[in-house]
Amino acid sequence: MASITKPLIPLVELERNELGLTVRDYEGAMSTLCAGCGHDSVTATIVRAVFELAIPPHMISKLSGIGCSSKTPAYFVRGAHGFNSVHGRMVAIATGANAANRKLHYIGVSGDGDSLSIGIGHLAHAIRRNVNMLYLIENNGVYGLTKGQFSASTDVNSTSKRGEPNLLPPIDPVMLGLSLGATFVARGFSGNKEHLLPLIKAGLEHTGFALIDVISPCVQFNDHEGSTKSYLFTRHHEVQVDDFTLFQDGIHANGSDDGAVTVSMHSGALLRFRSLPADYDPTDRASAIAYLERHKAPDEVLTGLFYVNEAAPDLHELNKTVTEPLVAVPFERLCPGASALEELQKSFV
Amino acid sequence: MDPTDVADPTYYHRVVDCQWACPAHTNVPEYIRLIAQGRYDDAYLLNRESNVFPAILGRTCDRPCEPACRRTRVDGEAVAICRLKRVAADLRGDVADRLPRAPAEKNGKRIACVGAGPASLTVANDLLPLGYAVTIFEQHETAGGLMRTNIPAFRLPASVLDEETQVIIDMGVDIRYGTRVTSLRALLAEGYDAVFVGSGAPRGKELELPGRRDETGETHIHIGIDWLESIAFGHTTSIGERVLIIGVGNTAMDCCRSSRRLGGKDIKVMARRPRGFFKASPWELEDAEEEGVEILVNHSPKRFVVENGKLTGMEFEILEWDEPAAHSRVVDTVVLPCDDVILAIGQENAFPWIERDLGLRFGEWDLPIVDEKTMESTLPGVFFGGDSAFGPKNIIWAVAHAHEAAISIHNHCQGVPVDQRPPFGMNLISQKMGISQWSYANDFNPAGRQQMDHVELSRRFSALNLEVELGFSAEQTAREVQRCLNCDIQTVFSGPLCIECDACIDVCPASCLTITANGSEGELASRLPAPRTNPEQGLYVSAPLPQTGRVMVKDENVCVHCGLCAERCPTAAWDMERFELKIPYAKDATVAWSR
Ligand SMILES: Cc1cc2nc3c(=O)[nH]c(=O)nc-3n(C[C@H](O)[C@H](O)[C@H](O)COP(=O)(O)OP(=O)(O)OC[C@H]3O[C@@H](n4cnc5c(N)ncnc54)[C@H](O)[C@@H]3O)c2cc1C
Ligand SMILES: Cc1ncc(C[n+]2csc(CCOP(=O)(O)OP(=O)(O)O)c2C)c(N)n1
Ligand code: SF4
Ligand code: SF4
Ligand code: SF4
Ligand SMILES: [Mg+2]
């Protein structure tokens, strides 16, 4: 007999957050991914992050497209709203949802295939619109769900499981985000949760489009020698650029900030970066791009919170929408009737 | 920390809390699984191998395993280990042809045992199959020792006792009933190759207070264990209506419950201290109170009230317990009228029949000096076990001592030093059957502990020997077996396979696992995901892992053996393996040196 449901063990004293919830209250269904998939670690880190930020589960909306990575919203925050869209369309749905209700926290989970091939057009426009959401790319360099074809993020000469090298140059989601004007751009590694956790928390605190490229190995199809997205390769080549601390309650940020770059966030949180390289400022896009270009060595996997801009207007500010979620707007205001429409049309002539 | 040495059977043995706590190391989780499969014979025989008297112990064991059970740390209630043992015994079929047998050809060595209690019987059980001739001298006409004379039949039916003691005797014990050993010197002169003293702790403690010797006619002040014995032999058949029991240990519980059955109506158990200090097992207290016995705390006996040569009551000092000072002080006195008083304040050893000039030395409290490992006294060739060795304990300890003594006797008779002990061994057997398939029920069952049903009160006192506990029903058994966490199914780690993907850590429902930088024990313990609340339990530390050189750390304390770590590990670095402790007995000692 066998069971693979994770039981609740009554007497293990679990820590509770401000809402009185435990980390187990933020879990979802049991994962059906391959044992050892990096995506499961990302799931666990999301669970930890929303628990620590004490976000009420019903104030979260989780969305995804198609892929192994896109299956993961089923595995976290079972009390959240969710939408599993068609391949590559997650962010279009997220944009619509966000337009209708700006009060929720949007967590989009996608893959390198979902985001950089079929979904790249939608992704580009969501970045342009600065949709206030966290957008995670669980990047394994392959189409995991369809059995390991090279994706648009596979490095040149990284090999397939059978040993064939990839010849097409990759799209780097970080550079893509920076060039299109994403207001929060980061890279993490599923095998380094101590670093990934603050990245995800900061991304959730950010107002605007937070793009995190997470290197998340596919144990089944891309964890071999010759792959540049394996656990071993990433571990041996990860170079962490920053050392930042997120203070959820900015007022209580302690310690001196000598030589540190400090960013106050709309949410009230505060980010403090220390031991930054001399030629690099994470609040200056040009400096971030220049830094990353200079370090584009094939044997370095740079990770960190590369760029953050809290000042850019988001979708709602740009479009001057109502502050209330549409569900809370009285029907008469939402749909003021034929005469109001006529008035409006008159104003166009 | 250094990598944990899991090749030493002690490491995994400790994880099996019940087996570790059991003096005889009974393989509890395995017998519970056998019961779950309906394999009662196998469950019985597995029990018998280590504890020799499963049917007796399934009713009476002191059960040190239960407070130790991992389940108590999970939902506060131990698995009903003892009750399940009774299930195995009650439902077994005929196992006669699977019991040990004495060979026709003897080895020429003769062993004398004093007393036919559980200790001596266990020695016989272990040595007869090796060809020894075992003679047991017993002063009474029956075997079983205190199990026969003191444990009341409403807790342990005679038929159950007969069956398990007789099986050993029928293996070929030369049993001399009605024969009291009065001189060790004389016994030694009979030329036995070894002597085992299993004579118990036969003397009940006295309470010399004013009035104790003032009765003129027949006495109404009884020594608990003697009184229980005279009930067992049918000499005592009644008691007065008002009975005071002095002391609140297990003997007191048997005395008050026996009084209830012999005509006692107003029965009070008198305790010096508050409840937390009671020596009686919680379940015995519960059963006594259910039968209407009153327990009075903070009463210290002062004198027996004897009027005209007849006991009429007892005077007590009323105490007040001062918790911070851990001390009582007297606040008042009271006289409680009564017809009988039963003294149940403890037992003592007495060896009037052992001459003090034989080289067998005695220490404190007139106890013989006995080696705790070999059970040998200071006189080579004379061994002790059970209550005679270190004072009154219980049946399972008597059995455990006797297994050790049997090894020593075997060594002694073969000319091998007694301290050369055959080692413990182990087997580890993978339980993986396929993807998501384990050969044990690995799901965590949140069911609560099943309660034992009792004979209804209206019928309970109709006969002195009516067994009170009814045993578990099939439904109760089915539920209870699933509460066992299978602590013997060990999480076995192969570091070289680990790719540090964290899957095991993320899935573990009890947060027992961590991959982290190594450190000293205390410092490492401070970095665990769940606080290390029980340092008694092992902290497993692997060798440095291949990719980062960090180590895998597991706090054994909270693991529920669900197997999810192994289930989710992509490389099978974790495996669930059944741990089988190889407990050495006298028969294994032979193998060890004949090679
Ligand atoms: C009232 C009471 C209730 C108990 N209930 C439990 C219980 O529920 N569970 C439990 O585990 N334990 C219980 N015990 C304790 C348990 O019975 C003993 O620890 C256990 O029986 C000890 O076994 P033994 O073989 O060392 O000695 P014993 O059982 O005491 O046997 C010693 C035998 O040696 C014989 N003997 C002594 N001297 C001589 C001599 N000189 N010559 C010949 N024969 C001799 C005696 O007649 C006796 O038969 C209880 C004890 C008492 C008093
Ligand atoms: C419209 C459409 N085209 C193609 C597919 C087939 N398909 C399913 S998943 C997938 C790629 C998934 O890759 P990625 O987003 O990297 O996810 P991963 O499984 O690697 O996590 C493709 C091409 C599809 N489901 N729908
Ligand atoms: S849960 Fe089962 S195996 Fe574990 S300690 Fe309790 S009885 Fe023993
Ligand atoms: S068996 Fe594994 S997953 Fe289950 S509690 Fe123990 S360590 Fe955790
Ligand atoms: S699941 Fe297996 S490979 Fe992954 S960290 Fe745990 S033991 Fe190592
Ligand atoms: Mg992919």
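The model is predicted. In chain B, three strands form an open antiparallel sheet, and helix 3 crosses helix 8 at roughly 50 degrees.

- A:Asn140 has a relative accessible area of 4%, which is under 20%, so A:Asn140 counts as buried.
- A:Val142 is buried as well, with a relative accessible area of 4%.

**Three-stranded sheet, chain B**

- The strand order is 20-22-21.
- Strand 20 (513-516) and strand 21 (539-541) are the edges, each pairing on one side only.
- From one strand to the next, the twist averages 20 degrees.
- Strand 21 and strand 22 (residues 551-555) run antiparallel and are joined by three bridges.
- B:Tyr540 has B:Lys554 of strand 22 as its bridge partner.

**Helix pair, chain B**

- The axes of helix 3 (residues 28-36) and helix 8 (residues 81-91) come within 10 Å.
- The two helices are oblique to each other.
- Helix 3 passes helix 8 in a left-handed crossing.
- Helix 3 makes the contact through B:Val28, B:Tyr31, B:Ile32 and B:Ile35.
- Helix 8 contributes B:Ile81, B:Leu84, B:Lys85, B:Val87 and B:Ala88.

Terms used: Residues are numbered from 1 along each chain as its sequence is written. Chains are lettered from A and ligands numbered from 1 in the order in which they are written. This is a predicted model: local features need pLDDT of at least 70, side-chain atom pairs count only at pLDDT 80 or more; totals for chains, interfaces and linings use all residues. Side-chain values use heavy atoms; hydrogens and water are left out. Two strands pair if DSSP finds at least two bridges between them. Helices (H or I, at least four residues) and strands (E, at least two) are DSSP runs, numbered from the N terminus. Axes are lines fitted to C-alpha atoms, for helices over the stretch in contact, and angles run from 0 to 180 degrees between N-to-C directions. Buried means under 20% relative accessible area, exposed over 50%, partly exposed in between (1.4 Å probe, protein chains only). Angles under 35 degrees count as roughly parallel, over 145 as roughly antiparallel, 65 to 115 as roughly perpendicular and the rest as oblique. A crossing is left-handed if the near helix is turned anticlockwise from the far one by less than a right angle, and right-handed if clockwise. Contact means heavy atoms within 4.5 Å.
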